[in-house]
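Q: I would like to learn how to read a protein model feature by feature. Please give the general idea first and then the case at hand.

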Amino acid sequence: ATPFAADALSGAVPYGAAIRIDELADILYSEAVRTYCKVIVAEGAMKWSDLQAVRGSFTFEPTDTLLAFAQDNDIELRGHTLAWYAALPEWAERISSAEEARTELVHHIDTVVGRYKGRIRSWDVVNEAIAEDPTPDAPYRDSVWLRHLGPDYIELALRTASEADSSAQLVLNDYEFEQPTDQARAKRKAFLDMVRGLKSRNVPLHAIGLQGHLRGESAVDSPGISSFVAELSALGLGILVTELDVIDDQLPGPIEERDKLIAARAREFLSAIGSVVRPEIVVTWGVSDQHTWVPIWFSRQDGLPNRPLPLDENYQPKELMRVIQDF
Ligand code: G3I
């Protein structure tokens, strides 16, 4: 039984979620994915640490399994992610020259995008390229790629992915554009400057992923997001919502109150985007509260023990799904 009618997702925008492959063995989980998801993305299996844990030795079985599941169920699998500062295996963190960085980045992208050519349509080519707190002379986020190749690694990754699969949708994915803060304003500006530079050099780039890890305690900067999305659209770029959730698990319980606040934040965010352009997809970062990354991630950072979130009936908060349907 599922907590909301299957028609909860009859809306025009394809909905999806980040998937943990090992959870697909759980019939309730896989049933929810089959029933409500038109698009899915691996939460971890397609990151460097999972795909190429040992230099030159690729582990494709989990991704092949997920792709087969997607194809069997008429679901699109997105690729996440080809170049990122995080989830790198030790050997990649130890890359120590521009030549080695270039060789390994090109080899990884060639191998991975080439393997799924024509079967994975959309790739988060570079994830979180912009610094959390960008300044005019340091807009880019530190990574082994930036250290050895400078910001040109972004163009290199995009051009390599394009050459490996000319039909793929190439996406730059990032987060916290929607916060009502000076930092978010600076991040939007730095991101736009980066994108304008890439487009001026005819670097292949087709869409932008707004992750949408919203905060319970702060409203969305709707005017900021709307103008940001308008500028990106004016550059001919598609808009994807790629990792929607509300990551503040300090939300007031009981679940009904929390559910309403999550829905309110999502409605603000999606409406701010939708007032300019319809996003191509809306993907939540996890099928349900039970499978969210939040308590593990934040408790690790603040040292608190993992706090299980108040669980709904194993699925996304019902209100959130209604917001996505109405959207
Ligand atoms: O699988 C290993 C396990 O064998 C080991 O015992 C355990 C202890 O360290 O680690 C497990 O791997 C963890 C993995 O999640 C699977 O649970 C990694 O340590 C942990 O770092 C990893 O965290 C993921 C994080 O990205 C880093 O890759 C989160 O689940 C995932 O939700 C998060 O997702 C990111 C997006 O990719 C990009 N946008 C932000 C988003 C949230 O941070």
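**Reading the model**

A: In helix α5 the buried residues are A101, E104, L105, H108, I109, V112 and V113. They lie on the same side of α5, because they cover an arc of only 130° around the axis. The arc is that of the directions from the helix axis to the C-beta atoms. Buried means under 20% relative accessible area, exposed over 50%, and partly exposed in between (1.4 Å probe, protein chains only). This is a predicted model, in which local features need pLDDT of at least 70 and side-chain atom pairs count only at pLDDT 80 or more, while totals for chains, interfaces and linings use all residues. Residues are numbered from 1 along each chain as its sequence is written, and side-chain values use heavy atoms, with hydrogens and water left out.

Q: What do the buried residues of α5 pack against?

A: The general idea comes first: an α-helix has 3.6 residues a turn, so residues three or four places apart point the same way. In this structure, the buried residues of α5 pack against α2 (48–51), β3, α4 (90–93), β4, α6 (144–149) and α7. Contact here means heavy atoms within 4.5 Å. Helices (H or I, at least four residues) and strands (E, at least two) are DSSP runs, numbered from the N terminus.

Q: How is the length of a helix checked, and what span should the 18 residues of α5 have?

A: The expected span of a helix is 1.5 Å times one less than its number of residues. For α5 (residues 98–115) that gives 26 Å, and its end C-alpha atoms are 26 Å apart, which agrees. Helix α8 (residues 182–200) has 19 residues and should span 27 Å; the distance between its end C-alpha atoms is 27 Å, in agreement. Helix α9, with 13 residues, reaches 18 Å from its first C-alpha to its last, close to the 18 Å expected.

Q: Which residues of α8 are buried, and what covers them?

A: The buried residues of α8 include A184, K187, R188, F191 and L198. Their cover includes β5 (130–135), β6 (138–140), α7 (152–164), β7 (169–174), β8 (207–210) and α9 (222–234). In α9 itself, G224, I225, S226, F228, V229 and L232 are buried. At the start of α9, a side-chain oxygen of D221 comes within 2.8 Å of the backbone nitrogen of G224.

Q: How should I read strand pairing, and in which sense do β3 and β4 pair, parallel or antiparallel?

A: Two strands pair if DSSP finds at least two bridges between them. Strand β3 (residues 76–83) and β4 pair in the parallel sense over three bridges, and A83 has V126 of β4 as its bridge partner. β4 also runs parallel to β7, joined to it by five bridges. Six of the six residues of β4 (residues 122–127) are buried.

Q: Where is N127, and is its side chain buried or exposed?

A: N127 lies in strand β4 and counts as buried, because its relative accessibility is 1%. N127 stands opposite N173 in β7. The side chains of these two residues make a polar contact at 2.9 Å. A polar contact is a pair of N or O atoms within 3.5 Å; within protein, one must be able to donate a hydrogen and the other to accept it, and residues adjacent in sequence count only if both atoms are side-chain atoms. Leaving out residues up to four places away in sequence, N127 touches H80, T81, A83, W84, N173, Q211 and E243.

Q: Which backbone angles call for a second look?

A: Most residues other than glycine have a negative phi, and most peptide bonds are trans. Here, a cis peptide bond joins H80 and T81, with omega about 0°, and T81 lies in strand β3. D74 is not a glycine, yet its phi is positive, near 55°. D74 sits in the loop between α3 (61–72) and β3 and is exposed, with a relative accessible area of 70%. N202, also not a glycine, has a positive phi of about 55°. The place of N202 is the loop between α8 and β8, where N202 is exposed at 64% relative accessible area.
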